[in-house]
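Here are some notes for a colleague who is meeting this structure for the first time.

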Amino acid sequence: MFKRLSQILFQEFDVSEESFKEAQQTCLEQNAILSEILIKKKIVTEPQLLDAFSRLYKIPFLPRIAIEELDTDFTQRVSIQFLKKYAMIPVKSLPPLPNSSEKEDDQPAREHSVIVINDPSSFQPLDDVIKMLGWDDVVLVLSTRESILSLINTAYDSSRDTAEQLVADMEESGYDIISEIEETADLLDDTSDAPIIKLVNHIISQSVKSGASDIHIEPYQNTFKVRYRVDGVLYDLLSPPKWMQSSLISRIKVMSKMNIAEKRLPQDGRFEVKIGDQSIDIRVSTIPITYGERLVLRLLNKSNILLKLPELGLKDEKLETVESLIRSSHGIILVTGPTGSGKTTTLYAILSKINSPDINIITIEDPVEYQLKGIGQIQVNSKIDLTFARGLRSIVRQDPDVILIGEMRDQETADIGVQSALTGHLVFSTLHTNDSASAITRLIDIGVEPFLISSSVIAVIAQRLVRVLCDDCKEIYQPDDETLEQLRQIKIKEGLGHTDLPASDDTITIYRSAGCPKCFHSGYKGRIGIYEIMVLNESLQNMVMKTHDSHQIKKEAARQGMTSLYDDGIQKVLEGTTTIEEVLRVTQT
């Protein structure tokens, strides 16, 4: 077999005989599998090796397998650990292979049972799976380990009971629950029979699957509620019986390495879990309330790909303005908005845009949410007195070109940030204010002198997140004249002129939410940003020196051409991205 395999690798993939013999020798010395050594030493890639196996064993090779409807019956008879260990998965049927070099007769037919494997030499495990399933006519297909593991995770995740079903089963049994099981590396691998552990795992799994950012566990006098936040809105997940409260909370506190005996003081903790191929960082906060402890779990999916600037919702002139601002040699650029409005995501997108080997970028954050390659990131730690101000004083001695301050919380931090900007650094930071003009008022309230603000701050970006209409179920409707007039009155009330909406007698087509299974019947799927960018030109700098009235500053900025959050939101309504209700929800606060 080795001889035939080596010939294919020599002829088809330009593998040298010397490299192959070296891999064979390593294989003998370490008692390892040849295929693993060939890939580990980068003599061949995994797809190349599988292509060679395909030619050798006459087994079709499919690099990626996409099955819309996966039959999960096998999950009741074969353990997930077994299939992951040997990288194989049984599937009922598979469509013909596209562009296959094999004859049509060699392709797996739809009526055949198919087992997708990664290593064709795993004869014994393959026989075991066939016996467990009781299959007779089996066709083999080769695929990459990553593709197979992804299919395994999908199959076992979709076959599990829902959290609601688990609660119902537990209510029927009604026995005492004791949770003393260690944290597992992968929630999908956890086969523990302890009901409370299974329930916690399912709550987290369902929340991640729904794209939730937070899980709220809320005890009341006679009830106990679990809710999750999806796209900025809280939804009820389930309401377990009151007697499960202490066990469920204790389980989460054990996972978070908190003191489960302490129920009178607030506590903070964190833990990491894997759900299939997703890595989830979970920060847990608990506070004592009248009827027990209230927990909030913040979910951070580390597997998510960081967004780029054009994907945030910035378009045309706004995108050009931001790209121009972030190329400044010095100054402060502030991003403002309430908690959960996407400020950190915007800042990370900006840093990713300007990151290059010739720029030294250092950040100080609380917490560091994503690891950015090539950027020095400092985590605030109050336990050792590593505050924003103290860390910032050290950063300025590290010869940075760009500094990111997680938040300007106090005068000391703001003063150091201002001084850094005045001495030739580009500084990014955030503030919790409702709009861009209020950031100036906030800095003055903190204690920064107006003349320092006017000479250091070059722009303020205010933002909100609006939910995006689900493409599968959004529907067109014609707003009535009364609705259009109400929108105009809101604009006039802001004192910033008239909105860009067409006149009442014009035909205007916009969309509204409906709801379908793909968006969990919410009518929305995902979120996008709306932005208000105030660039401090000479006119605004002079106004800051004279007054810190945010309303006056905002009027002047609008006169200079600034588009408000409301205007940007209405523009996205006219584009069919979101709804009027969403824009009003996030802007009229």
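1. Axes here are lines fitted to C-alpha atoms, for helices over the stretch in contact, with angles running from 0 to 180 degrees between N-to-C directions. On the side of helix 13 the contact is made by Phe388, Ala389, Leu392 and Arg393, and on the side of helix 14 by Glu412, Thr413, Ile416 and Gly417, where contact means heavy atoms within 4.5 Å.

2. The model is predicted, so that local features need pLDDT of at least 70 and side-chain atom pairs count only at pLDDT 80 or more, whereas totals for chains, interfaces and linings use all residues. Residues are numbered from 1 along each chain as its sequence is written, and side-chain values use heavy atoms, with hydrogens and water left out.

3. Helix 9 (residues 195-209) and helix 10 (residues 245-255) pack at an angle of about 70°, their axes being 10 Å apart, and they are therefore roughly perpendicular to each other. In this contact Ile196, Ile197, Leu199, Val200 and Ile203 of helix 9 meet Ser247, Leu248, Arg251, Ile252 and Met255 of helix 10.

4. The chain has 21 helices and 18 strands, which are DSSP runs numbered from the N terminus (helices H or I, at least four residues; strands E, at least two). Of its 589 residues, 50% count as buried, meaning under 20% relative accessible area, with exposed being over 50% and partly exposed in between (1.4 Å probe, protein chains only).

5. The largest nonpolar core has 45 residues, and Leu9, Leu38, Leu83 and Tyr156 have the most contacts inside it; such a core is a set of buried Ala, Val, Leu, Ile, Met, Phe, Trp, Tyr and Cys residues joined through side-chain atoms within 4.5 Å. A second, separate core of 37 residues includes Ile362, Val418, Ala439 and Leu536.

6. Lys318, which lies in helix 11 (residues 316-325), counts as buried because its relative accessibility is 13%. Lys318 and Glu532 are 214 residues apart in sequence, yet 8.6 Å apart in space from C-alpha to C-alpha. Leaving aside residues up to four places away in sequence, Lys318 touches Tyr531, Glu532, Ile533, Thr563 and Asp568.

Methods: Parallel < 35°, antiparallel > 145°, perpendicular 65-115°, else oblique.
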